[in-house]
Amino acid sequence: MLQKTGDRPQGSNNVLVLVRHGQSEWNRLNMFTGWKDVGLSEEGVSEAHRAGQRLKDEGLVFDSAFASTLKRAHNTLDIILGEVGQGKLPIIKAAALNERDYGDLVGINKEEARKRFGAEKVQIWQRSYDVAPPGGESLKDTAARVCPFFDRWIVPELQSGKNVIVVAHGNSLRSLIMELDKLTPEEVQHYSLATATPVIYRVKADGTLAEKRSLAA
Ligand SMILES: O=C(O)[C@@H](CO)OP(=O)(O)O
């Protein structure tokens, strides 16, 4: 049975854990992925198990678990929940948490794209705040669906003392972290997330952030 919030040691509530999925088959092949629903690579599966072990060592117990509708995210979450002994916790899947749509770049090798369009342009498409890749979403467009979802469904959970884990994607989580950490468009260009590396936030009763740390390997 899940521990009730009130039974936990002080300081182990109001925790938000954000995790980028483990390495996918297309991360391994260095291809733009976006909304393409590719699976985890063998390494990605191992990374997810390691992330789960680290969260288990932290002694965290989750009340809610969210993932995107893409299998690399919810399969990573499944593995993590198994490792922390909460394999029965339902996963809430939301398309709002899906990766940024990479439009016409999907399926193209990133090195090949740099040769074809120029490294500078590709870097802007990958990391800028408001320039969208052709036919796809900018980080700003991605934030416009991720942040309202977070405010509507996840913030109330945290404010009521629950612990929440969210497994999503490099760019969908960047857009959320930009908001949480109050990063500027300039700062977010230099921010990236490693695969399967949990970022832990503790939230104060008034909903503001008290602490942030990363469980890097
Ligand atoms: O291809 C993608 O969808 C993303 C995540 O792997 O790529 P990037 O990190 O280059 O934004």
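Which residues surround the ligand? I began there, keeping in mind that this is a predicted model, and I found the ligand surrounded by N27, F32, T33, G34, E99, Y102, Q126, G170 and N171. Sorting the residues of this shell by class, I counted two nonpolar, six polar and one charged.

**Entry: helices α4 and α5**

I looked next at helix α4, residues 110-117, and helix α5, residues 119-127, whose axes come within 7 Å and cross at roughly 125°. At that angle α4 and α5 are oblique to each other. For the contact itself I noted A113, R114 and F117 on the α4 side, meeting A119, K121 and V122 on the α5 side. The residues of this contact divide into four nonpolar, no polar and two charged.

**Entry: helices α6 and α7**

I then turned to helix α6, residues 139-159, and helix α7, residues 170-180, which pack with their axes 8 Å apart and at an angle of about 70°. That angle makes α6 roughly perpendicular to α7. From α6 the contact draws on L139, T142, A143, V146, C147 and F150, while α7 brings N171, S172, R174, S175, L176, M178 and E179. By class I recorded seven nonpolar, four polar and two charged residues in this contact. I also noted that N171, one of the α7 residues in this contact, is among the residues that surround the ligand.

In soluble globular proteins, nonpolar side chains tend to be buried together. The largest nonpolar core here holds 39 residues, and those touching the most other members are V17, V19, L77, I80, I165, V166 and V167. At least two residues of this core come from each of β1 (15-20), α2 (42-57), β2 (64-67), α3 (71-83), α6, β4 (164-168), α7 and β5 (199-203). The largest share, six residues, is supplied by α6. A second, separate core has eight residues, including M31, L105, V122 and W125.

Is P133 buried or exposed? P133 lies in the loop between α5 and α6, and P133 counts as buried because 24 C-beta neighbours lie inside 10 Å. Not counting residues up to four places away in sequence, P133 touches Y102, G103, D104, L105 and W125. I also checked P133 against A94, 39 residues apart along the chain, and their C-alpha atoms are separated by 23 Å.

K162, in the loop between α6 and β4, counts as partly exposed, with 18 C-beta neighbours inside 10 Å. K162 and N13 are 149 residues apart in sequence, yet I found them 6.0 Å apart in space, C-alpha to C-alpha.

Most residues other than glycine have a negative phi. K182 is found in the loop between α7 and α8 (185-188), and K182 is exposed, with 9 other C-beta atoms within 10 Å. A196 has its place in the loop between α8 and β5, and A196 is buried, with 28 other C-beta atoms within 10 Å.

Terms used:
Residues numbered from 1 in each chain as written. Predicted model: local features only at pLDDT ≥ 70, side-chain atom pairs only at ≥ 80, totals over all residues. Near = placed C-beta within 6 Å. Nonpolar A, V, L, I, M, F, W, Y, C, P; charged D, E, K, R; others polar. Axes fitted to C-alpha atoms, helices over the stretch in contact; angles between N-to-C directions. Helix = DSSP H or I, 4+ residues; strand = E, 2+ residues; numbered from the N terminus. Parallel < 35°, antiparallel > 145°, perpendicular 65-115°, else oblique. Contact = placed C-beta atoms within 7 Å. Core = buried A, V, L, I, M, F, W, Y, C linked by C-beta atoms within 7 Å. Buried ≥ 20, exposed ≤ 12 C-beta atoms within 10 Å, placed from the backbone.
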